[in-house]
Amino acid sequence: MRTFVLVPVPGAACDWTVTSTKGSVRVRHDGGGKTLRRGDAVVPGDTVTTGRKAKVALRSGGGDAVRPEPGGRLQLADARCGSGRERRFTWRLGSGRSLATAGRLSGRGFVVEGSGWAARASGATFWVDARGRGRKAVFRVRAVKGAVELRSLRSSRRRVIVRAGRCASGRGNGSGRPTRPRRCRSVTQALAAGLGDPVEALRH
């Protein structure tokens, strides 16, 4: 049996770069902070925060992307790339909402965590939304394209598959079970009001 270990390896496919910003967007790392601008790099440990009217788009060299909405906090917790095509990225959504695209090269290694839950995907575009704390915490997933696995960080048995046009949520920091995926009538309206076409929005 062969064992493959992914370790942090700098390179085009593993790097994350700011492709656009609007309003006040800042990044914090090791206690320091600065304003993010187009072309800046984001590395593991960095926490990106957006102001009340701010937006930012970040993209990896392999085609993965995230776009936090205003008033959000998103941390790049881990970025691991092998010498070949293998990649694993973990983002942590502290608060707010973000649009994400998981490229196919990352396999099932593209993850957005929040409130005790994780959204895992490959070749998919989806919204994640983290609200509240403790027992009142809610983590929502809305799949726009492809399929997304929503699972508890406490138990891998607590999971559901959310397909395009459907949504599901988990509560209480990973306790309990996620809701059954259902068709979200408000998804199209929310996307139109927020970013328009989400796939096109992440291409720029």
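A charge is taken to sit over a ring if NZ of Lys or CZ of Arg is within 6 Å of the ring centre and within 35 degrees of the ring normal. In the predicted model described here, one such arrangement involves Arg97, whose charged end sits over the ring of Trp127 at 3.8 Å from the ring centre.

The secondary structure of the chain amounts to 2 helices and 17 strands. The chain has 204 residues, of which 45% count as buried. When contacts between residues at least 6 apart in sequence are considered, 48% of them join residues at least 24 apart.

The mean pLDDT of the chain is 83, and 79% of its residues reach 70 or more. Among the elements, strand β15 (residues 159-163) has the highest mean pLDDT, at 97, whereas helix α2 (residues 198-201) has the lowest, at 41.

The structure holds 3 aromatic pairs. In one of them, the ring centres of Trp16 and Trp91 are 5.0 Å apart and the ring planes stand at 85°; because this angle is over 60 degrees, the pair is edge-to-face. Trp16 belongs to strand β1 (residues 16-22) and Trp91 to strand β9, so the pair ties together parts that are 75 residues apart in sequence. Trp16 and Trp91 are both buried. A further aromatic pair, also edge-to-face, is formed by Phe110 and Phe126, with 6.4 Å from centre to centre and 85° between the planes. Phe110 is part of strand β10 (residues 110-114) and Phe126 of strand β12 (residues 124-131), so this pair ties together parts that are 16 residues apart in sequence. Phe110 is buried, its relative accessible area being 0%, and Phe126 counts as buried at 0% relative accessibility.

A disulfide is a covalent bond between the sulfur atoms of two cysteines. The count for this structure comes to 1 disulfide. It is formed by Cys167 and Cys184, whose sulfur atoms are 1.9 Å apart.

Individual positions illustrate how residues separated in sequence are brought together in the model. Val162 lies in strand β15 and is buried, with a relative accessible area of 0%. Beyond four places in sequence, Val162 touches Val141, Ala143, Gly146, Ala147, Val148, Leu150, Cys167, Ala168 and Pro181. One of these contacts, Cys167, is also a partner in the disulfide. Val162 and Ala143 are 19 residues apart in sequence, and their C-alpha atoms are 6.2 Å apart in space. Ser60, found in strand β6 (residues 55-60), counts as buried at 4% relative accessibility. Ser60 and Asp15 are 45 residues apart in sequence, with a C-alpha to C-alpha distance of 5.4 Å.

Finally, backbone angles were considered at two loop positions. Asp30, in the loop between β2 (25-29) and β3 (32-35), has a positive phi of about 55° although it is not a glycine. Ser115, in the loop between β10 and β11 (117-121), has a positive phi of about 55° and is likewise not a glycine. As for accessibility, Asp30 counts as exposed at 73%, whereas Ser115 counts as buried at 17%.

Definitions and conventions:
Residues are numbered from 1 along each chain as its sequence is written. This is a predicted model: local features need pLDDT of at least 70, side-chain atom pairs count only at pLDDT 80 or more; totals for chains, interfaces and linings use all residues. Side-chain values use heavy atoms; hydrogens and water are left out. A disulfide is a pair of cysteine sulfur atoms within 2.5 Å. pLDDT is the predictor's confidence in each residue, from 0 to 100. Helices (H or I, at least four residues) and strands (E, at least two) are DSSP runs, numbered from the N terminus. Rings of Phe, Tyr and Trp (its six-membered ring) pair if their centres lie within 6.5 Å; planes under 30 degrees apart count as stacked, over 60 as edge-to-face and the rest as tilted. Buried means under 20% relative accessible area, exposed over 50%, partly exposed in between (1.4 Å probe, protein chains only). Contact means heavy atoms within 4.5 Å.
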